[in-house]
Number of protein chains: 2
Amino acid sequence: MLIHELAREQCREVLARSEFGHLACARFDQPYVVPIHFSFDAARNCVYAFSTVGQKVQWMRENPKVCLEVAEIDHKGSWTTVVAFGRYEEIHQNPEESEARQRAEQLFMTRHEWWLPGAAKPRGRERADVVVVYRIQLDRVTGRRATRGHD
Amino acid sequence: MLIHELAREQCREVLARSEFGHLACARFDQPYVVPIHFSFDAARNCVYAFSTVGQKVQWMRENPKVCLEVAEIDHKGSWTTVVAFGRYEEIHQNPEESEARQRAEQLFMTRHEWWLPGAAKPRGRERADVVVVYRIQLDRVTGRRATRGHD
């Protein structure tokens, strides 16, 4: 197996064609990781996502340092993985942030059934959940690609 | 979409039939998440994995609190996800830990091409890398299953 480090632009290409990844947050040194759907905004170097308010959002409000991982896997010997460190920023429902919110919502709507599963909650918790729209402002992005080799 | 919480035993069944997941660690409140291959040991309530020594292992040595996520996804409307909080424990090459190491290696060998990709490193870094075998001792495991519904 040959493993190559990806250039920054190659990492951004992976993010641009992806809409599913894993987001890790942390509180009191305890990490927490869940799958998310997202939309990459190349011009603003961020990803947008949304979620009902649960453990993930509560933790990111307390500690905005997060890590997003995106994988493209054919089989064990052929895969690409991109890891981005970033910062959680909630996009509120107010006039100052309406442009960012519109931008996020436009990108969400290009995804198939974009309202799933970020807006879904377990049964028995169907209270009037607030859906939070947020961005992850990307700081550092790295990536690796593995291909079959003979060494 | 209907979302159900999984019972502990259902979560363990998902871990037992999985060998791929995402592992998050954290240092100084910065989470880091990467894909890993693992083997679940139901009798000892842990998963075993191995890796060359890189950022992930260095961070887990400093802070053993980790989170393992396993997903089974058919499409957006039908998925199962299990999240386990646990503790990193390195299994060293010494007589006291030889039984644990044998146990881990036996489980690894039941996986197809089990030495990939944990033992692979990017080109240009082919120094004599030490491969670390470790277990994640599982503390708390939760899970959710989503199925297509009409609400």
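The following conversation goes through some features of a predicted model.

Visitor: How does the model score, and how confident is the predictor in chain A?
Guide: The model is predicted, and it scores ipTM 0.89 and pTM 0.89. Chain A averages a pLDDT of 89, and 84% of its residues score at least 70.

Visitor: Why does a low pLDDT matter?
Guide: Where pLDDT is low, the predicted coordinates should not be read in detail.

Visitor: What is chain A built from?
Guide: Chain A has 3 helices and 8 strands. Read from the N terminus, its elements follow the order β-α-β-β-β-β-α-β-β-α-β.

Visitor: How much of chain A is buried?
Guide: Of its 151 residues, 53% count as buried. The accessible surface of chain A is about 7,300 Å², and carbon and sulfur atoms hold 49% of that surface.

Visitor: And what share of the contacts in chain A comes from residues 24 or more positions apart?
Guide: Among contacts with a separation of 6 or more, such residues account for 73%.

Visitor: Let us turn to helix H3 of chain A. Which of its residues are buried?
Guide: Helix H3 spans residues 98-108 of chain A, and its buried residues are Ala100(A), Arg101(A), Ala104(A) and Phe108(A). They lie on the same side of H3(A), because they cover an arc of only 100 degrees around the axis.

Visitor: What about the other side of H3(A)?
Guide: There, Glu99(A) and Gln106(A) are exposed.

Visitor: What covers the buried residues of H3(A)?
Guide: The cover includes four strands of chain A: E4 (39-41), E5 (46-52), E7 (78-91) and E8 (131-147).

Visitor: New topic: how many aromatic pairs are there?
Guide: A search of the whole structure finds 10 aromatic pairs over all chains. In one of them, the rings of Phe85(A) and Trp59(B) have centres 6.5 Å apart and planes at 25 degrees, so this pair is stacked.

Visitor: Where do Phe85(A) and Trp59(B) lie?
Guide: Phe85(A) lies in strand E7 of chain A, while Trp59(B) belongs to helix H2 (residues 55-62) of chain B, so the pair joins two chains. Phe85(A) is buried, with a relative accessible area of 9%. Trp59(B) also counts as buried, at 9% relative accessibility.

Visitor: What does Tyr32(B) do with Trp59(B)?
Guide: Tyr32(B) and Trp59(B) form a tilted aromatic pair, with 5.6 Å from centre to centre and 55 degrees between the planes. Tyr32(B) is in strand E3 (residues 30-37) of chain B and Trp59(B) in helix H2 of chain B, so the pair ties together parts that are 27 residues apart in sequence. Tyr32(B) counts as buried, at 13% relative accessibility.

Visitor: Which residues do ring pairs link into a cluster?
Guide: Tyr32(A), Trp59(A) and Phe85(B) are linked into a cluster by ring pairs.

Visitor: One more topic: how many disulfides does the structure hold?
Guide: The structure holds 0 disulfides over all chains.

Visitor: Are Cys46(B) and Cys67(B) buried or exposed?
Guide: Cys46(B) counts as buried at 1% relative accessibility, and Cys67(B) counts as buried at 0%.

Key. Residues numbered from 1 in each chain as written. Chains lettered and ligands numbered in written order. Predicted model: local features only at pLDDT ≥ 70, side-chain atom pairs only at ≥ 80, totals over all residues. Heavy atoms only, no water. Disulfide = S-S within 2.5 Å. Buried < 20%, exposed > 50% of the residue type's maximum accessible area, 1.4 Å probe, protein only. pLDDT = per-residue confidence, 0-100. Arc of directions from axis to C-beta. Contact = heavy atoms within 4.5 Å. Phe/Tyr/Trp six-rings, centres within 6.5 Å; stacked < 30°, edge-to-face > 60°. Areas by Shrake-Rupley, 256 points an atom, 1.4 Å probe, with all protein chains shown as cover.
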